Amino acid sequence: MTLRDRATFWSRACHDFTELILPTSCAGCGQPGIAVCSDCAADCAGEPFRAEAGARYFGRPCWALAPYRGSVQSIIVAYKDGGRSDLRKYLGLALAISLSAVVEEQYDRTGRSGELLLVPVPSSRSSIRRRGADVLADCARRAATELAASGIRARVAPMLRSGRAVRDQVGLSAVGRQRNVSGSMAVARRRLPIPSGKRRDATAGPASIVLVDDVITTGATLAEAARALAGGGHRVDAAAVIAATTKTSS
Ligand SMILES: [Zn+2]
């Protein structure tokens, strides 16, 4: 089953589940009786694109699946701040599709693909407390599971931690965002996890460190995450997000 086929699968599975146990409404459009309707599920399974303008501070390839608006925005907000943990499977799949573009790019460049080490942008302690979970890390774990089911080696490597508190980025200018997050992250552990699978597989490429986040705006947060990892001796290869505030190229 391809990653995109799985969007249909989850739409059907969620429908059955919610009808039986958990009366709810589509987090994207409000249609009653279903967690995510088929139209909104399709929005979470599009073609990944490079978030060029959004990555201007980040300076490395950043892949996104959808523009941050409409149903995708509503689903992300409902998952993060609306207590809709049932949406993790959709957003994990969306992130997995975005990550599949990193693998394709890596393969095109080197003729090989290695394991993806997914490093979530760290959430603040207050966010984790308020939400009751580290929702981004949970989404990244789901994405790794989806990738594994499609034969792509990936796993979550929580190598960053949040340092000082930052204010909400919403409403800040590009420069303001950069200043707001500057120095706000630190390396949680310096050693990379030991590669999984066939460690002596000569056909496999080197592991790639890929930052993952839910949304990219200016890339200031990803740039700060890359800076923190570089301080620990780790070079970030790329980033993948679910949505970008502006779709600039495909
Ligand atoms: Zn919908």
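Predicted model: local features only at pLDDT ≥ 70, side-chain atom pairs only at ≥ 80, totals over all residues.
## Basis of the model

Local features are given where pLDDT is at least 70, side-chain atom pairs count only at pLDDT 80 or more, and totals for chains, interfaces and linings use all residues. Residues are numbered from 1 along each chain as its sequence is written, and side-chain values use heavy atoms, with hydrogens and water left out.

## Overall composition

The protein has eight helices and nine strands. Helices (H or I, at least four residues) and strands (E, at least two) are DSSP runs, numbered from the N terminus. Of its 250 residues, 51% count as buried, where buried means under 20% relative accessible area, exposed over 50%, and partly exposed in between (1.4 Å probe, protein chains only).

The accessible surface comes to about 12000 Å², and carbon and sulfur atoms account for 50% of this. Areas come from the Shrake-Rupley method with a 1.4 Å probe; for residues, only the protein chains shown count as cover. Among contacts (heavy atoms within 4.5 Å) between residues at least 6 apart in sequence, 75% join residues at least 24 apart.

## Nonpolar cores

A nonpolar core is a set of buried Ala, Val, Leu, Ile, Met, Phe, Trp, Tyr and Cys residues joined through side-chain atoms within 4.5 Å. The largest one has 48 residues, of which Ile75, Leu95, Leu99, Leu116, Leu118, Leu147 and Ile242 touch the most other members. Elements that each supply at least two residues to this core include α3 (70–81), α6, β4 (116–120) and β9 (238–244). Helix α4 gives the most, with 11 residues.

Leaving aside residues up to four places away in sequence, the contacts of isoleucine 242 include Ala64, Val72, Leu95, Cys139 and Asp213. Another core, of 26 residues, lies apart from the largest one; Phe58, Ile209, Ala226 and Val241 are among its members.

The expected span is 1.5 Å times one less than the number of residues. Buried residues of α6 include Val135, Asp138, Cys139, Ala143, Glu146 and Leu147. Just after the helix, glycine 151 takes a positive phi of about 85°.

The axes of α4 and α6 come within 7 Å and cross at roughly 60°. Axes are lines fitted to C-alpha atoms, for helices over the stretch in contact, and angles run from 0 to 180 degrees between N-to-C directions. The crossing is right-handed, meaning that the near helix is turned clockwise from the far one by less than a right angle (left-handed if anticlockwise). Among the residues making the contact are Leu91, Leu95 and Leu99 of α4, and Cys139, Ala143 and Leu147 of α6.

Helix α8 (residues 220–231) has 12 residues and reaches 17 Å between its first and last C-alpha, close to the expected 16 Å. Ala220, Thr221, Glu224 and Leu229 are among its buried residues. Glycine 233, which follows α8, has a positive phi near 85°.

Helix α7 (residues 174–181) packs with α8 at an angle of about 35°, the axes being 9 Å apart, and this crossing is also right-handed. Arg177, Gln178 and Val181 of α7 meet Ala220, Thr221 and Glu224 of α8.

## Serine 123

Serine 123 sits in the loop between β4 and α5 (125–131). Serine 123 counts as buried because its relative accessibility is 17%. Residues up to four places away in sequence aside, serine 123 touches Ile128, Asp134 and Ser162. Alanine 133, 10 residues away in sequence, is 9.7 Å from serine 123, C-alpha to C-alpha.
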